Amino acid sequence: MSRHEGVPPWLLDLLRRVGIEATADPQGGLQVQVGRGRETFRIAHTGRLSTAAARDIAARWSSEPARGAGRPLLAITELSSSARAVLRDARISWAERDTGVLSLLGDRVLVRIELSNDRLSASSRRLRSAELRFDGVAGILVEALLTGRVNPERFHLAELAEAGGAAHSWAHYVVSRLTKLGIATHRGAGRWRTFAVSDRSALLDAWLAAGAERPTTTTGLYVYARSPGEVYRRFAAAAEHDIRCAVGGIAAANLRAPSLTSWPDPALWIPAEESVEAVSERLGAEIASEGANVMLWQVEKDAPLRFAERIETPFGTMPVVSGPRAFLEARDAAGRGSEVAENLRQILGF
């Protein structure tokens with residue numbers, strides 16, 4: 001996964017730009033001084049790093065005693081927020097070339113430089129340069145790779161198109177831009193050409209940078225219930241009959257990876273052509289402009305419903321959007337959405 005070699009020039013430049021004194025040696029050692037504190041690090045290089053790979057590194061390195069060559073410092077292009085959390089918790093130091101994020105955790109040196117909210121990540125910049133939006137049909141094809149409906153390690157364009165119910169031209173459009181982003185690679189030519197996405201974590205980050213699928217129609221409902229749990233049970237009962245739907249948003253992420261002490265008011269994706277009045281009636285609810293405890297979401301092409309699946313929950317079996325999509329929608333939610341999303345991401349192994 002990683003290799004030891006000399007200190008990269010970009011790392012020395014990054015340290016100097018933030019006012020940190022640093023001296024490199026040919027063996028890959030880096031001496032850093034902050035105020036009166038001085039620390040020696042040994043540099044390890046790696047390419048893209050999934051959250052699972054970050055856990056492996058954390059488990060291996062955190063058990064190592066500090067050697068004469070110093071503590072390890074991972075030099076990488078860019079990390080996901082979940083991979084950063086794994087390394088931070090294990091007190092592993094790292095520096096990101098493309099974002100400027102820096103975390104030096106030693107006995108005598110403590111430096112943390114995080115991204116500001118208004119700064120685009122490198123993946124966001126690459127995504128915009130590729131002129132790609134991962135919603136609608138494009139999102140369905142990305143979701144097929146993230147959910148394993150198509151083997152991401154080796155697939156043909158025809159397989160991807162079939163799994164997503166899309167035209168071959170759509171599969172070509174998405175994969176060509178994933179290749180431009182450096183997320184997909186290819187082998188062979190012509191009819192024998194195959195593609196691969198070796199790091200699904202990077203693909204999920206690119207989907208996150210593009211933004212979650214947003215409903216084009218949102219309708220509030222008030223379901224008469226004594227508790228949120230009873231509302232969820234209504235969903236489970238209704239889904240057993242004639243309502244095509246899937247729980248989405250922070251509720252979907254919390255059903256897949258329970259994190260909250262109370263169940264949030266849920267959102268329910270329904271088909272674009274479905275009558276909200278009919279769904280309201282079947283749920284025993286009324287349409288509400290204020291005080292709603294359920295949101296009905298609709299979007300053209302019904303992308304969130306494509307890979308929804310029925311899962312066991314404390315309230316019965318009910319349809320829920322896919323794990324990767326639930327992560328995106330929770331990250332996009334207010335309140336504790338980010339916390340629930342990151343918990344789900346760890347469980348999914350991205």
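Which residues of α7 are buried?

## Helix α7

In this predicted model, the buried residues of α7 are Ala171, Val174, Val175, Leu178 and Leu181. Because they span an arc of only 110° around the axis, these residues sit on the same side of α7. The exposed residues Ser169 and Lys180 are carried on the face of α7 turned away from the buried side.

Helix α7 has 14 residues, and the distance from its first C-alpha to its last is 20 Å, close to the 20 Å expected at 1.5 Å a residue. Gly182 follows α7 and has a positive phi, near 85°.

## Aromatic pairs

The structure contains eight aromatic pairs. In one of them, the ring centres of Trp170 and Tyr173 are 5.5 Å apart and the planes stand at 85°, so the pair is edge-to-face. Both residues belong to helix α7 (residues 168–181), where a spacing of three residues separates them by about one helical turn. Trp170 is partly exposed, with a relative accessible area of 35%; Tyr173 is also partly exposed, at 27%.

Trp269 and Trp297 form another edge-to-face pair, with 5.1 Å between centres and 70° between planes. Trp269 is in strand β13 (residues 267–269) and Trp297 in strand β15 (residues 294–298), so this pair ties together parts that are 28 residues apart in sequence. Both Trp269 and Trp297 are buried. Elsewhere, ring pairs link Tyr232, Phe235, Trp263 and Phe315 into a cluster.

## Salt bridges

Side chains of opposite charge can pair when their charged atoms come close. The structure holds 13 salt bridges. Among them is the one between the side chains of Arg84 and Glu96, at 2.8 Å from N to O. Arg84 lies in helix α3 (residues 81–89) and Glu96 in strand β6 (residues 93–96), so the contact ties together parts twelve residues apart in sequence. Arg84 and Glu96 are both buried.

A salt bridge also joins the side chains of Asp302 and Arg244, at 3.9 Å from N to O. This pair links distant parts of the chain, 58 residues apart: Asp302 is in the loop between β15 and α12 (303–306), and Arg244 is in the loop between α9 (228–239) and β12 (246–248). Asp302 is buried, with a relative accessible area of 13%, whereas Arg244 is partly exposed at 45%.

In the salt bridge between Arg336 and Glu339, the closest N and O atoms are 2.6 Å apart. Arg336 is partly exposed, with a relative accessible area of 39%, and Glu339 is partly exposed at 43%.

Methods. Residues are numbered from 1 along each chain as its sequence is written. This is a predicted model: local features need pLDDT of at least 70, side-chain atom pairs count only at pLDDT 80 or more; totals for chains, interfaces and linings use all residues. Side-chain values use heavy atoms; hydrogens and water are left out. Rings of Phe, Tyr and Trp (its six-membered ring) pair if their centres lie within 6.5 Å; planes under 30 degrees apart count as stacked, over 60 as edge-to-face and the rest as tilted. Helices (H or I, at least four residues) and strands (E, at least two) are DSSP runs, numbered from the N terminus. Buried means under 20% relative accessible area, exposed over 50%, partly exposed in between (1.4 Å probe, protein chains only). The expected span of a helix is 1.5 Å times one less than its number of residues. The arc is that of the directions from the helix axis to the C-beta atoms. A salt bridge is a side-chain nitrogen of Lys or Arg within 4 Å of a carboxyl oxygen of Asp or Glu.
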